[in-house]
Amino acid sequence: MATSKIRIVKICERCGMEFLAQKQSTRFCSHQCSRMAYKDAKRLERKRNTEARVRTHVQEIVQSEIGDKELLTFREAAALLGITKQAMYALVARGSIIAYKITSRLSRIRKTDIDKMLESNPYISSPLRSKKQREPITEFYTTKEVLEKFSISNSWLFTVAKRQNIPKVTQHGKTYWSKKHCDMIFGKRDTSVDEITEWYSVPEIQEKYGMTLSAIYCLVSKVGIPKKKEGKEIRYSKKHFDAAKGTAEPVELEWYSIAEATEKFNMSRDQLYHYIKTYKVKKKMVGKYCYLAKDEVDALFENIFTPPSI
């Protein structure tokens with residue numbers, strides 16, 4: 001039988017040296033390493049068996065020492081329950097079991113109290129949780145309908161569907177998506193975009209302001225200019241872009257972008273996020289951009305940075 005000519009670079013599990021193997025199941029670089037690894041496994045197995053026998057023997061000795069004793073030390077009580085001495089002290093501290101103080105350094109636990117504790121706390125198995133009945137999905141979108149309704153790309157649809165586990169069925173080579181799940185996931189968008197009527201396309205911005213594509217993306221990301229997708233083309237709010245370039249009056253917004261908030265209050269992003277999380281400032285997500293409620297942020301930092309009156 002001919003041997004395989006394929007050579008696979010692998011690392012020996014015994015010596016850690018790199019070697020060429022003919023099979024993916026090969027674990028060791030040589031017969032010596034294989035034999036030594038086998039001996040190590042057998043040695044570890046004997047060690048575990050010995051430790052198990054010792055534990056059993058110690059338990060038998062403890063049980064014979066306890067015998068019919070009514071008053072037990074903490075070590076004996078812990079051995080009787082099969083727990084550590086520290087766990088026994090914790091049970092006493094919680095009041096689960098009573099310990100009796102004989103002297104300032106001598107305490108004992110009654111065996112009958114251990115029996116009472118066990119009898120008063122029987123194990124009750126929780127009823128099996130019945131699996132929630134899934135509602136049958138009867139309404140579906142085709143892939144084309146999803147792309148047209150939510151103005152997303154085909155690749156983004158499949159990426160989000162895999163991430164969010166959107167139910168789908170395939171019939172005759174066509175993929176159908178759950179209408180309920182698509183509306184819930186892709187329907188989360190900023191409704192204020194619908195109020196904007198004038199938009200710039202990228203060529204219009206480049207022609208008017210002489211900006212490169214990377215400069216446009218940088219400004220949009222920094223200022224948080226609203227945008228929308230029409231087919232395969234991205235459009236940007238005309239009044240917001242003009243305001244950002246200084247050719248129009250600034251747009252009064254009810255929301256701060258992260259960049260605006262950090263610049264106005266002279267703090268880092270980490271500091272700002274700390275205050276947002278601590279004081280639960282209202283925020284919203286527009287795509288991947290986070291916006292903060294302007295009135296709440298102003299009131300928050302006015303109270304924080306205003307010195308207390310004496």
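Accessible areas come from the Shrake-Rupley method with a 1.4 Å probe, and for residues only the protein chains shown count as cover. On this basis the chain exposes about 23600 Å², of which carbon and sulfur atoms supply 53%. The model is predicted: local features need pLDDT of at least 70, side-chain atom pairs count only at pLDDT 80 or more, and totals for chains, interfaces and linings use all residues. Residues are numbered from 1 along each chain as its sequence is written, and side-chain values use heavy atoms, with hydrogens and water left out.

The chain has 310 residues, and 25% of them count as buried. Buried means under 20% relative accessible area, exposed means over 50%, and partly exposed lies in between (1.4 Å probe, protein chains only). The secondary structure comes to 13 helices and 14 strands. Both are DSSP runs numbered from the N terminus; helices (H or I) have at least four residues and strands (E) at least two. Contact means heavy atoms within 4.5 Å. Among contacts between residues at least 6 apart in sequence, 45% join residues at least 24 apart.

Helix H2 spans residues 74–81 and contains Glu76. Glu76 counts as buried because its relative accessibility is 7%. Phe74, Ala77, Ala78 and Ala79 of H2 are buried as well. Leaving aside neighbours within four places in sequence, Glu76 is in contact with Ile66, Lys69 and Leu71. The side chains of Glu76 and Lys69 are joined by a polar contact of 2.9 Å. A polar contact is a pair of N or O atoms within 3.5 Å; within protein, one must be able to donate a hydrogen and the other to accept it, and residues adjacent in sequence count only if both atoms are side-chain atoms. Gly82 follows H2 and has a positive phi, near 75°.

Leu71 also takes part in a sheet: its bridge partner in E5 is Arg110. E3 and E5 pair in the antiparallel sense over 2 bridges. Two strands pair if DSSP finds at least two bridges between them. The open sheet has 3 strands in the order E3-E5-E4, with antiparallel pairing. E3 and E4 (100–103) stand at the edges with a single partner strand each, so one side of each is left without a neighbour in the sheet.

Aromatic rings were examined next. Rings of Phe, Tyr and Trp (its six-membered ring) pair if their centres lie within 6.5 Å; planes under 30 degrees apart count as stacked, over 60 as edge-to-face and the rest as tilted. The count comes to 8 aromatic pairs. The pair of Tyr256 and Phe265 is edge-to-face, because the ring centres are 6.1 Å apart and the planes stand at 85°. Both Tyr256 and Phe265 are buried. The rings of Tyr275 and Tyr279 have centres 6.2 Å apart and planes at 20°, so this pair is stacked. Both tyrosines lie in helix H12 (residues 269–279), 4 residues apart, about one turn of the helix. Tyr279 is partly exposed, at 47% relative accessibility. Ring pairs link Tyr256, Phe265, Tyr275, Tyr279 and Phe301 into a cluster.

A disulfide is a pair of cysteine sulfur atoms within 2.5 Å. The whole structure contains 0 disulfides. For Cys29, the nearest cysteine sulfur is that of Cys15, 3.6 Å away. Cys29 is partly exposed, with a relative accessible area of 32%. Cys218 is exposed, at 52%.
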